[in-house]
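Good morning, colleagues. May I ask you to look at the sequence and the structure now on the screen, while I take you through selected parts of the fold.

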Amino acid sequence: HWLIALLRSGPVSLLDRAPATTPQRGHEAFHAVRALAAGTLGTDTAGSIRIPACFGGVTGLRPSTGRVSNHGSVPVSATFDTIGPIARTAEDCAIILREIAGADPLDPSTFDVPVADYVAGLAGGIAGLRVGVVEQRLESGINPAVAATVREAIAELGRLGAKVSIATSISTDKDGQRFKAALEADHVDLSFTAIVDAPIAKCE
């Protein structure tokens, strides 16, 4: 699926969709919302797991690059794409991640490091967890009601023991330009590889 287009088309309520009209973008989150599956997998380039999970009121997790093998997926970007779980709860996501994480000889970008017990980790609370907040993102270009809800969530994380740090020196105005440049470079590389590897049709 190509969820990047969803960023331009506005919010979607997955709960209001009948199975026959399931949106192609973010369909993994739809199945989780409708309880058609205990959990599903998605690929995340710039939010394709997190955004539909947010719209659907379920949990979506984008693992760090190299934590889960991308072998078998069709990448939008070899640099940014990551496979991750979407499920109704954080615990369900932890169970899925525990099973899919780890090194894969068929994907050289994966890391050969031990896989933690993510389910057991949920019981430890979030005391000491570092949470970075880019303040500019909450000041402009955002619905005030959404910004207020995010601020409430940040405050709650602090009350639960997380260490909240406010970042005000990050240049957010060029983030999109940097991402676009890196993404387009990946597109060129993937397209070139596909052309080189494609069989040549012989004309009689």
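Let me begin at one residue. Leaving aside residues up to four places away in sequence, Asp 107 touches Val 68, Ser 69, Asn 70 and His 71. Please bear in mind that what you see is a predicted model. Asp 107 belongs to the loop that lies between α4 and α5, the latter being residues 118–121. Is Asp 107 buried or exposed? With a relative accessibility of 8%, Asp 107 counts as buried, because the cut-off for buried is under 20%. The side chain of Asp 107 also makes a polar contact of 2.6 Å with the side chain of Ser 109.

Let me now step back to the protein as a whole. Its secondary structure comes to 7 helices and 5 strands. Read from the N terminus on, the elements follow the order α-α-β-α-β-β-α-α-β-α-β-α. The protein has 204 residues, of which 28% count as buried. If we take the contacts between residues at least 6 apart in sequence, 64% of them join residues at least 24 apart.

I turn next to the sheet of three strands. In what order do the 3 strands of this open sheet stand? The order is β1-β3-β2, and the pairing is antiparallel. Strands β1, residues 39–44, and β2, residues 59–60, stand at the edges; each has a single partner strand, so one side of each is left without a neighbour in the sheet.

How many bridges join β1 to β3? There are 6 bridges between these antiparallel strands. Between β2 and β3, which spans residues 82–87, the antiparallel pairing extends over 2 bridges. In that pairing, Gly 60 stands opposite Ile 86 of β3.

Strand β3 itself deserves a moment. Helix α4, residues 90–100, lies across β1, β2 and β3, and runs at about 145° to β3.

Within β1, I would draw your attention to Asp 44, which has its place in that strand. Asp 44 is buried, with a relative accessible area of 0%. Its bridge partner in β3 is Thr 82. Which backbone nitrogen does the side chain of Asp 44 reach at 2.7 Å? That nitrogen belongs to Gly 47, and the side chain of Asp 44 also reaches the backbone nitrogen of Ile 49, at 3.2 Å. Not counting residues up to four places away in sequence, Asp 44 touches Ile 49, Arg 50, Arg 62, Phe 80, Asp 81 and Thr 82.

Strand β4, residues 130–134, and strand β5, residues 163–167, pair in the parallel sense over 5 bridges. The chain passes from β4 through helix α6, residues 144–159, to β5, and this β-α-β crossover is right-handed. Arg 130 has Lys 163 as its bridge partner in β5. Strand β4 has a covered face, made up of Val 131 and Val 133, and an uncovered face, made up of Arg 130, Gly 132 and Val 134.

Finally, a word on the cysteines. How many disulfides are counted here? The count comes to 0. Among the cysteines, Cys 54 is exposed, with a relative accessible area of 58%, whereas Cys 93 is buried, with a relative accessible area of 2%.

Thank you for your attention.

Notes. Residues numbered from 1 in each chain as written. Predicted model: local features only at pLDDT ≥ 70, side-chain atom pairs only at ≥ 80, totals over all residues. Heavy atoms only, no water. Disulfide = S-S within 2.5 Å. Buried < 20%, exposed > 50% of the residue type's maximum accessible area, 1.4 Å probe, protein only. Pairing = 2+ DSSP bridges. Helix = DSSP H or I, 4+ residues; strand = E, 2+ residues; numbered from the N terminus. Contact = heavy atoms within 4.5 Å. Axes fitted to C-alpha atoms, helices over the stretch in contact; angles between N-to-C directions. Right-handed = clockwise from strand over helix to strand, strands pointing away. Polar contact = N/O pair within 3.5 Å; in protein donor to acceptor, adjacent residues only side chain to side chain.
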